[in-house]
Each structure stands twice: as C-alpha cells, then as structure tokens.
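Reader: I have a model open and some questions about it. Can we go through them one at a time?

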Amino acid sequence: MREPTMLEGIDSNAASGPLPPPTSPPQALLERLKDYGQEDTFALWDELSPDERHLLVKDIESLDLSRIDRIIRCSLRSQALPVAALEPVPESCVSSVEERTMEERERWWKMGLKAISEGKLAVLLLSGGQGTRLGSSDPKGCFNIGLPSGKSLFQLQAERILCVQRLAAQAMNEGSVTIHLYIMTSPFTDDATRKFFESHKNFGLEADQVTFFQQGTIPCISKDGRYIMETPFKVAKSPDGNGGVYSALKSSRLLEDMATRGIKYVDCYGVDNALVRVADPTFLGYFIDKGVAAAAKVVRKAYPQEKVGVFVRRGKGGPLSVVEYSELDPSLASAINQQTGRLRFCWSNVCLHMFTLDFLNQVANGLEKDSIYHLAEKKIPSIHGHTMGLKLEQFIFDAFPYAPSTALFEVLREEEFAPVKNANGSNYDTPDSARLLVLRLHTRWVVAAGGFLTHSVPLYATGVEVSPLCSYAGENLESICRGRTFHAPCEIAF
C-alpha cells in the first residue's frame, strides 16, 4: 500500500491558510550544477513529493560532477578533431600462425607455466553485460549454449583455469598453483553473478581466489551535453563500457591488491567467447619473451565487411590502436596488400589481451587524465519516452595507444574464437554456432588422440565435448581416447 505523502497527510479542514511553499533545492548543490550548465536537473522540483526530492538530491550527490563535466567536454571536443591517417600494422609486430615453429611454441608454453607456477599471472574477466540479445536478463556468463554437459560459459572458463593450475603444478613439481580471478561486473549483473558463483561453489575454484568488482556508470547526455533525466528524480545512466575496467581497478584499489599478491601479468578477456583459452601459457610465454607492455590475440579478418574492429597504426610510426568496423572506410576495409594478396587491414581484435601490471597502472592514470570517451548515439529511456541521446563509453582497447610496445599474436578462429552475442536464429555469433565450433574442435582432438566417433545425425551438425578438466588444448587425451568409440553428441570427462 502506498504511504501518503506529507501533503496528503494533512487534514484539509485543519489546515488554515495556504499550504507551506515547497522547500527549494539545496542552494550549494544548485550552484554547483549551474557551474556545469546542468541546473535543468532540478527543473521539475516543484512537482516532486518530499520523498522524490530526497531521491533526486541523493542521486546528484552521488555523481562526481567535476569529473563528469571534464569527460563530457573532452569527449565532445575530441569528436571534432581530425584523426591521423590509418596505416596497416607492420608484419614485424605480429607472430603469425604459419611462422611459428614447434620449438617456439613449446618454449613459450614452458615459460608460461613457470610464470603461472610462481603466481605471477592473474585473470581478468569482463562480465558487465546481460544476455539481453540472447533473450535472457541473466549475466551473459550464466548462459548455457547447449553443450552435452549443459555447462555455462562461467563454468567452462573456471574449469580451464583449474586445468592450467594443474598443468603448471605438474610441470614445475609444485604442490598447488593458484591463478587469481578478478571478475568485473556492472550494477546490472553484480548481484546475480555473485550468487551464481556462490550457488555453484565457484565451479571448483577456492572462494578466496575470486574477487568481484563493479564497473562504473556515467550519465547519458543530450547532444549539447546536458544530462538526460530518466524520471523527474533520477538521472539516466549507463555503464561506462568495458574500458571502465581501468578506472574501476584503480578506484577499488585492486591494482594494489594485485601487486601485494606478486602478480606481474594480467590476462584479460570478454565473457562471451565459448572457446577462450583462459590463462593461456603459450600466449603468456610469448608475451614475456617479447618483453612488451601489452599484447593481443588476433584472428585474420574473414571478409572485408566482417563486423570486427581491426588493429591499425595511427599515422606513420604511430602507436597501435583499434578502429571499430563502423569507423573504417569501406575502401580501406577492402584494400588488398599486393605482396601478400591479403587484406591490408586484416588483424581482428577479439578481446583477448595481456598486460603487465605496471602498464595497467599507467593506463588507469592516462585515461583518467585525458578523459576521452566514445560517444554512442542510442535511444535513452527518459521522462519524454525513449529519446535519442549519447552514451559515453570507454573500450578495453583504448589502452593500446598508451603502450610503449605492443605485440600481436595470431590464433586460429576455429580454435579460440566462438562468440556468443546474438539469439539463435540470427545469422552469426549465436549459441548454436558457438556450440558447433566447440564440438568440432573437440572432435578433432579426440580423433587425433586415437578415438572414434559414431553419430546418428550428420557429423557436421554434432560432435563431442571434452571437459576442460581433462584437457586444456587437446593434450593428455590418448589415455582416455585411444581405441575407444564415442557416440556423438556426448561429454568426455574423467
């Protein structure tokens, strides 16, 4: 039952004379809003109940007004600046699959396992998104893509960490090895993510090796930089993008936490990839060997119009950075390198990154100082219904221009990239397409290990699933598979 407001509670007969005038907005707060041209936030004050006024004041007091003003001004101004010409990434920056030798791969694998056994690697999972496009209001990581095991994305990824820990302990004759997992949620996914991990006993990880933290939110604005009001007493806000991870790590003091734990390297990835090799020892070994501040796994762009961002150089000898597909001119997107016959801009960013902890500190400070966010024109829920406005976001790849040195590591799409972005029935990146990529890869592993398959549906539409607890990348399967026949679809576990 609704509580009566203060005015409704007064007996009209008992009230003598006119009602007391509404309390005015707090003067100091109003003056600060005026300083930043945001005084319209209080425009409907006279129509609000006392409770609603209290909520509005609390909402505005929770905002760092000067920081948000700086971000809005810097971001709007940067839109008008000319952008340096784009250059392709030099071949020398990329370790391509065809150039890698078996000896290099084995050496990197061992280097990576050694660093992991010494506790130098942390995993950073970007998990702020809901599965809205998948038809679910749960966090994306809770999603079950329909594998025989029924495992969620979170479970697959946690079990890959357990597998790497075991491999590192065996390789270095250690008793036990721990990889700390930091999970960035958003205000929309935080509670559900924590509960999901808790109800599944952290999928076998120790409770104290998992740390949750939230990315920030930022007001949505009109094209002239004014806050959009979602209700008369609440500013419309949206998450600050997966690049919000840098300021969130800084503000939650987790960079210091990592340093205290002796962490030197951070493996960072997005939750919606069913084939992600979490804490990949080979990638870590390559990263350490190169001695760079930042690295990314890349896949070759499949065709010019593919909706993926690509790594480029901004200007001659400029830093490596990522250009979104929507920002790449179609003539550049389809340009061919005459020497190789491949696309000139062919290295796709698939959100698989490695950073040194020192570099993360540098980025967190640099991005905060520069305060430039990407502006995305979106429909924003407002007091006038859905209205066109701007969301402000940073992206994880905004770090790369700050890197003194960057290396790119090519991986095969069919081995490491199975995105889960759209609902089944869409043309690409669905749970069904991701499931098939997992089943096909694991089927190849089983056959290579001497196993056989029977199947009652065509093999291209099915396959077997290998539990991450059995094998990380197809290794150690002979003892389980040699000479055995498996009926697809099924899960192969211990």
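Reader: Where does Pro-489 lie?

Author: Some ground rules come with the answer. This is a predicted model, where local features need pLDDT of at least 70, side-chain atom pairs count only at pLDDT 80 or more, and totals for chains, interfaces and linings use all residues. Residues are numbered from 1 along each chain as its sequence is written, and side-chain values use heavy atoms, with hydrogens and water left out. Pro-489 lies in the loop between β20 (485–488) and β21 (490–492) (helices are DSSP runs of H or I with at least four residues, strands runs of E with at least two, numbered from the N terminus).

Reader: How is the chain divided into domains?

Author: The bounds come from an automatic or database domain assignment. The chain is divided into domain 1 (27–79), domain 2 (84–429) and domain 3 (431–493).

Reader: How much area do domain 2 and domain 3 bury between them?

Author: Their C-alpha centres lie 27 Å apart. In contact (heavy atoms within 4.5 Å) are 34 residues of domain 2 and 24 residues of domain 3. Buried area is the accessible area (1.4 Å probe) that two parts lose on being put together, summed over both. Carbon and sulfur atoms carry 65% of this one, and the total is about 2,200 Å².

Reader: Which side chains meet in a salt bridge at 3.0 Å, N to O?

Author: A salt bridge is a side-chain nitrogen of Lys or Arg within 4 Å of a carboxyl oxygen of Asp or Glu. Between domain 2 and domain 3 the count is one. The 3.0 Å salt bridge joins Lys-151 and Glu-491.

Reader: Which element gives the largest share of the side of domain 2 that touches domain 3?

Author: Nine residue pairs are in polar contact across this interface, both residues at pLDDT 80 or more. A polar contact is a pair of N or O atoms within 3.5 Å; within protein, one must be able to donate a hydrogen and the other to accept it, and residues adjacent in sequence count only if both atoms are side-chain atoms. On the domain 2 side, α5 (153–171) and α12 (413–416) each supply at least two residues. The largest share, eight residues, comes from α5.

Reader: Is Asn-422 buried or exposed?

Author: Asn-422 is in the loop between α12 and α13 (431–448). Its side chain makes a 3.3 Å polar contact with that of Arg-133, and reaches the backbone oxygen of Tyr-428 at 3.1 Å. The classes are buried under 20% relative accessible area, exposed over 50% and partly exposed in between (1.4 Å probe, protein chains only). Asn-422 has a relative accessible area of 11%, so the class is buried.

Reader: What is the relative accessible area of Asn-173?

Author: Asn-173 is found in the loop between α5 and β4 (180–185). Phi is positive there, about 55 degrees, although Asn-173 is not a glycine. Asn-173 is exposed, and the value is 72%.

Reader: And what is the relative accessible area of Asp-429?

Author: Asp-429 is found in the loop between α12 and α13. Phi is near 55 degrees, a positive value in a residue other than glycine. Asp-429 is partly exposed, at 22%.

Reader: How many residues apart in sequence are the parts that Arg-67 and Glu-368 tie together?

Author: The structure holds 28 salt bridges. In one of them, the side chains of Arg-67 and Glu-368 meet at 2.7 Å, N to O. Arg-67 lies in helix α3 (residues 65–79) and Glu-368 in helix α11 (residues 357–370), so the parts tied together are 301 residues apart.

Reader: Is Glu-306 buried or exposed?

Author: Glu-306 forms a salt bridge with Arg-413 at 2.9 Å, N to O. The pair links distant parts of the chain, 107 residues apart: Arg-413 is in helix α12, Glu-306 in the loop between β11 (294–300) and β12 (310–314). Arg-413 is partly exposed, at 25%. Glu-306 has a relative accessible area of 9%, so the class is buried.
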